[in-house]
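Dear colleague,

Please find below the structure that I am handing over to you. I would be grateful if you could read the notes that follow alongside it.

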Amino acid sequence: MEAAWIALIIAIVAIILSWIIGSGVVLAGRSKLWVLRAPAAAFIWFIRGTPTLIQIFMIYFGLPQLGLGLNPYAAGILALGLSGGAYVAEILRAGFNAIPEGQFEAGRSLGLSVPIILWFVVMPQLLRIVVPALTNEAMNTLKNTSLLSAITIVEITLYAKQQIASTFRPFDYYILAAIFYLILAEALNQFARWYERRYPALIR
């Protein structure tokens, strides 16, 4: 249970971080300024083209060589947040593209500022489109916490490995680990469904 709580807390913080990063990246990618669009495109290209485990190693083992040492938890959260952020940005980009340009033009014709248009005109429509995909990405982030066992974080997977090493019962403990991941993933799924029921005007 302690290992499951560690995995869940890391996943929640990483998911929130990925939403923040993804929102920033998609807005930069939609900017008219090349100096913002180019780094956003390069970030998505790099993250999508490299394994998440390599990204974790680069942050945990690579940043100390640049004078920025992070503990395993901070490194793991940052790595998962960056990894998920690229996919969140692509999800949001697809959502923005699905909204007719006339929605933006109508808001501008009424004299609304860009933040007001994004929050009150675009966001309700965007949520209806992207929430299912964001839920799937959140589950992927949760499952990717298993990769953090490679940098000594005692979450579900590493705890299972430790018990296997002392009991020589791999089937039992890997099945148990799978059950814990299923429970946590279903909890996220149920939260998303609650959100859909709670805000039907935005989602449906």
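The notes below cover a helix pair, a loop residue and a group of aromatic rings.

This is a predicted model, in which local features need pLDDT of at least 70 and side-chain atom pairs count only at pLDDT 80 or more, while totals for chains, interfaces and linings use all residues. Residues are numbered from 1 along each chain as its sequence is written, and side-chain values use heavy atoms, with hydrogens and water left out.

Helix packing

Helix 4 (residues 72-98) packs with helix 6 (residues 114-144) at an angle of about 145 degrees, and their axes are 9 Å apart. Helices here are DSSP runs (H or I, at least four residues), numbered from the N terminus. The axes are lines fitted to C-alpha atoms over the stretch in contact, and angles run from 0 to 180 degrees between N-to-C directions. On the side of helix 4, the contact (heavy atoms within 4.5 Å) includes Leu-80, Gly-84, Tyr-87 and Ile-91; on the side of helix 6, Leu-126, Ile-129, Ala-133 and Glu-137 are among the residues involved. By class, the residues of this contact comprise 14 nonpolar, four polar and one charged. Nonpolar covers Ala, Val, Leu, Ile, Met, Phe, Trp, Tyr, Cys and Pro, charged covers Asp, Glu, Lys and Arg, and the others, Gly among them, are polar.

Leu-147 is located in the loop between helix 6 and helix 7 (156-167). With a relative accessibility of 25%, Leu-147 is partly exposed (buried is under 20% relative accessible area, exposed over 50%, partly exposed in between, with a 1.4 Å probe and protein chains only). Leaving aside residues up to four places away in sequence, Leu-147 touches Thr-52, Leu-53 and Ile-56.

Aromatic rings

Phe-57, Tyr-60 and Phe-61 form one aromatic cluster. Rings of Phe, Tyr and Trp (its six-membered ring) pair if their centres lie within 6.5 Å; planes under 30 degrees apart are stacked, over 60 edge-to-face, and the rest tilted. Three aromatic pairs are counted by this rule. The pair Phe-57 and Phe-61 is tilted, because the ring centres are 5.6 Å apart and the planes stand at 55 degrees. These two residues are four apart in helix 3 (residues 52-62), and therefore separated by about one helical turn. Phe-57 is partly exposed at 28%, and Phe-61 is partly exposed at 45%. Tyr-60 and Phe-61 have ring centres 4.8 Å apart and planes at 70 degrees, so this pair is edge-to-face.

Yours sincerely
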